[in-house]
Amino acid sequence: MSAESFDAILHRAATRKGGRHRLMQMVSTPLDTEQILTITDDRFLSAFTKKVFQSGFVWRVVEQKWPAFEDEFFGFNIEKILLMPDEMLEKKASNPAIIRNYRKVAAIRDNALMINDMSRQHGSFASFVISYLGGNIIDLWTYLKKHGVRLGGNTGPYALRALGIDTFLLSRDVEGYFRQHKLIEGGLTSKRNLTIINAQFNQWRLESGLPLQSISQIVSLSCGDNSRQIE
């Protein structure tokens with residue numbers, strides 16, 4: 001089997017959701033390049049950290065505790081985080097105001113180092129991220145997984161989406177579409193499967209003129225039960 005044209009997917013999603021106008025009201029768009037460039041390094045670290053703590057945990061609880069995270073970690077100021085010794089990290093990891101998980105707390109400093117390294121090379125981490133937005137978003141995912149800590153799987157992509165950076169997501173419905181059409185097999189995040197998925201999203205982007213984020217949401221809305229909020 002092969003993937004459908006994006007027009008076919010869009011038509012089915014519109015039929016399922018009460019018409020094209022209503023469908024497009026459900027779909028969000030990412031930031032443009034100029035807007036991305038205004039995202040400071042501390043906000044990248046904050047977003048990565050939030051998704052690391054939300055992974056495998058109740059998201060609502062993390063949201064409730066997030067002001068305490070911002071206070072405890074100096075608003076995620078990169079320079080201050082990099083100066084934190086192990087003893088300080090251990091102390092903060094025991095604070096009941098945040099979620100007490102030392103390994104995830106330690107990842108904050110590791111990811112601050114990654115952001116700082118790329119920021120020094122590119123002028124800002126935002127500038128580094130933009131270099132991946134021409135069609136190779138999975139390469140950015142791979143970089144975050146390889147050079148960051150606990151940013152593999154869906155964690156890195158979900159953090160990018162939360163920041164407003166254009167990316168598709170491998171939600172259950174998106175995965176279901178690719179498996180239903182026998183485009184992928186085996187592990188979802190194998191290099192082969194990610195390459196196929198990335199290429200198909202790029203093709204749909206050429207057909208539609210829409211950003212990856214909108215395409216991802218429309219694909220999700222075209223299949224599955226969509227009983228939860230669309231990502």
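Guide: In this predicted model, the second largest pocket has a volume of about 200 Å³. Its lining is made up of 13 residues, and those closest to the pocket centre are W141, K145, G153, T189 and L194. Helix 10 (residues 137-147) gives the largest share of that lining, with 4 residues. Sorted by class, the residues lining the second largest pocket are 7 nonpolar, 5 polar and 1 charged.

Rolling a probe the size of a water molecule over the atoms shows where empty space is left. Searching the whole structure turns up 1 cavity of 30 Å³ or more. The volume of the largest cavity is about 40 Å³. Its lining consists of Y132, L133, G135, N136, I137, D166, R205 and L212. By class, 4 of the residues lining the largest cavity are nonpolar, 2 are polar and 2 are charged.

L212, one of the residues lining the cavity, belongs to helix 14 (residues 212-221), which packs against helix 12 (residues 172-180). The angle between these two helices is about 75°, and their axes are 8 Å apart. Because angles of 65 to 115 degrees count as roughly perpendicular, helix 12 is roughly perpendicular to helix 14. On the helix 12 side, the contact involves D173, V174 and Y177; on the helix 14 side, S216, V219 and S220. This contact of helix 12 with helix 14 has 3 nonpolar, 2 polar and 1 charged residues.

Key. Residues numbered from 1 in each chain as written. Predicted model: local features only at pLDDT ≥ 70, side-chain atom pairs only at ≥ 80, totals over all residues. Heavy atoms only, no water. 1 Å grid on protein atoms, 1.4 Å probe; cavity = no way out; pocket = protein on both sides within 12 Å on 5 of 7 lines; lining within 4 Å. Points joined across faces, edges and corners; volume = space filled by probe spheres on them. Nonpolar A, V, L, I, M, F, W, Y, C, P; charged D, E, K, R; others polar. Axes fitted to C-alpha atoms, helices over the stretch in contact; angles between N-to-C directions. Parallel < 35°, antiparallel > 145°, perpendicular 65-115°, else oblique. Contact = heavy atoms within 4.5 Å.
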